[in-house]
Structures are given as structure tokens and as C-alpha cells.
Amino acid sequence: MFPLDDDALLRLLKEDLPHGDLTTRSLGIGALPGVLTMRARGAMTVCGSEEAARIFALLGAEAELHAPTGQRTAAGETLLVARGRAEALHAGWKVAQTLTEWASGIATSAAGIVDAARATAPGIVVACTRKPAPFTRALSLRAIVAGGAEIHRTGLSETVLLFPEHRIFGGADALAPQIARLRAACPERRIVVEVTTRDDALHAAEAGADVLQLEKFAPEDVAATAETLVGWPGCLAAAGGINAANAAAYAATGAQVLVTSAPYYAKPADVAVTIEPA
């Protein structure tokens, strides 16, 4: 489940109230008991509700989770109810709301792409890249998994992905020797090769690539490449420009994986918050 730890959540709180809540303190209402409720304004795939609940707990309130990460909710459904002093509820309000809205927007977008792709190819995998906004990777990856997508790669350290930008350092005939070197150095890893043309894809398959990542191929070009490589034991991954509007077209091509960054740029979900006296 990989939630954010307390240190990360406390940093968010300190960013928003470095010296306390001036308005609540000045009104003298901080000690009064209250109830805060978070609800979905529209249909969404939830992400971050556990972190929202923990934010209130760190402030001394009690939070009751109604919609855990990964749950699909309809408009009006309750996500969370927190009870405690007014100063705690006001201190956590916007931090918890913004975190949940932002993460749920990514999760909802990922779910839309997964749904569109699997309506055409039920077994296809949607994998999201390592291109979330800077400093948001942990929560972004949590969100795409909540939406039913997989993690393409969390960073440079875990997978072998041979780009044209690597091959350029080996000369015109670098591909086969580089694949052989990678296989010898990383025998437990699959060798993924990014290609930009059908000819490059065929060449890489012949040179021993395990996975071909077809970068910015149109759906018809992915399908033509898949047809040419019938019988090849490797995996075809279509990448670049894939979103909910075209996922079905790419899923129909014969590719086993759709690689996308689109969910990271999704509009945040809309979460309504009410605060009332207890």
C-alpha cells in the first residue's frame, strides 16, 4: 500500500501553518469541539484518504475512514469524518483536502485509461512512467496503482531500458553488442529497448530484446509491427501520447502493455468539506 510516512505529512502541515492558525487563534474558538466531513462531489477513484485521516490524527483529532484508497465512489459519498477540537480540524482541513483531491485526480484518470483499454483487451496492462511532478513520486505512484495501473519503472536503478540516447554512444552497429553486454551484466533482468520506427523494432527483436517499447507509434503502426512479429516471444509495449480517448485503439493493436504519463497531469478530483460544531 506504501502510504506517506508521518515525516512527509508533518512537512505538509508545517508548510501550511508554520506558526499556527492566526484566524482560529484570534477568534478564540480553537478548543470548541467540531466535526469535519469530506465527501466526493462527483464520481471518483479515491486515493489519499488514509493520509488525510492520519493528518487529523497527527493534530489530535479522531478520523473515521469511510472510503479507502482504490474505492470508486459516487457523488455525495462520504470519504472521511474527523472529530476533535476546532483548531485541529481547521489546521488539517486544506492540507487533507488538497492531498486527497490531487491524488484522487490521478487515480481517477488512471482508472479511466485502464477501463478503456480493458474493454477492448481484458488482459492488457497499463503502466505509468517515472514522470510525475517533481517531489510527488511516492504519492503519484500510489495513486496510479489505486486506479488499477502498474508502475512502469520507479527510477533508473531498477530496470534495464536501452534508449536511442544510449545507443548513440556505441556507433551505428551498437544495438546487438549493447544488448549482449546488458544481458551479461544483468542476467536476471529483461532487456527493454525503445524504438521509434518499425524497422528499428524488427532489428531490436532480431538482436535479442525481450521487450520492445514502441515510442509514439500510431495505433496502426503498433498493429503492423505486432503482425510482423507474430511468433516472436517478447513483449510489445506502446508508449507516448496514450490516454483515455485512444487507449481502446491502442489496446486493439496486439500490444501487451500501454505506457503512459497522462494520469500525472489530470485535473484534481473535487472533494467537498464541511465543518460543524459537535
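Figure 1. In helix α8 (residues 198-207), A201, A204 and A205 are buried, where buried denotes under 20% relative accessible area, exposed over 50%, and partly exposed the range in between, with a 1.4 Å probe and protein chains only. Viewed down the axis of α8, the buried residues fall within an arc of 100 degrees, so they line one face of the helix; the arc is that of the directions from the helix axis to the C-beta atoms. An α-helix has 3.6 residues a turn, so residues three or four places apart point the same way. D199 and E206, on the other side of α8, are exposed. The cover over the buried residues of α8 includes α7 (175-185), β9 (191-195), β10 (211-215) and α9 (219-228), with contact meaning heavy atoms within 4.5 Å.

The model is predicted: local features need pLDDT of at least 70, side-chain atom pairs count only at pLDDT 80 or more, and totals for chains, interfaces and linings use all residues. Residues are numbered from 1 along each chain as its sequence is written, and side-chain values use heavy atoms, with hydrogens and water left out.

**Figure 2. The parallel sheet of 7 strands.** The strands of this open sheet follow the order β7-β6-β12-β11-β10-β9-β8, with parallel pairing; two strands pair if DSSP finds at least two bridges between them. At the edges stand β7 (150-151) and β8 (160-162), each with a single partner strand, so one side of each lacks a neighbour in the sheet. Strand β11 (residues 235-239) and strand β12 (residues 257-260) run parallel and are joined by 3 bridges. Within this pair, A239 stands opposite V259 in β12. Helix α4 (residues 86-120) packs on the sheet and touches β6 (125-128) and β12, its direction making about 150 degrees with that of β6. Helices (H or I, at least four residues) and strands (E, at least two) are DSSP runs, numbered from the N terminus.

**Figure 3. The antiparallel sheet of 4 strands.** This open sheet has the order β3-β5-β1-β13 and antiparallel pairing. Its edge strands, β3 (62-65) and β13 (271-277), each pair on one side only. From one strand to the next, the twist averages 15 degrees. Strand β1 (residues 33-40) pairs with β13 in the antiparallel sense over 7 bridges, and E276 in β13 is the bridge partner of V35. Helix α3 (residues 49-58) packs on the sheet, touching β1, β3 and β5 (78-85), and its direction makes about 5 degrees with that of β5. Helix α4 also packs on this sheet, where it touches β1, β5 and β13 at about 155 degrees to the direction of β5. Axes are lines fitted to C-alpha atoms, for helices over the stretch in contact, and angles run from 0 to 180 degrees between N-to-C directions.

**Figure 4. Packing of helix α1 on helix α3.** Helix α1 (residues 6-16) and α3 pack at an angle of about 70 degrees, and their axes are 10 Å apart. That angle makes α1 roughly perpendicular to α3; angles of 65 to 115 degrees count as roughly perpendicular, under 35 as roughly parallel, over 145 as roughly antiparallel and the rest as oblique. At the contact, D6, L9, L10 and L13 in α1 meet E51, R54, I55 and L58 in α3.
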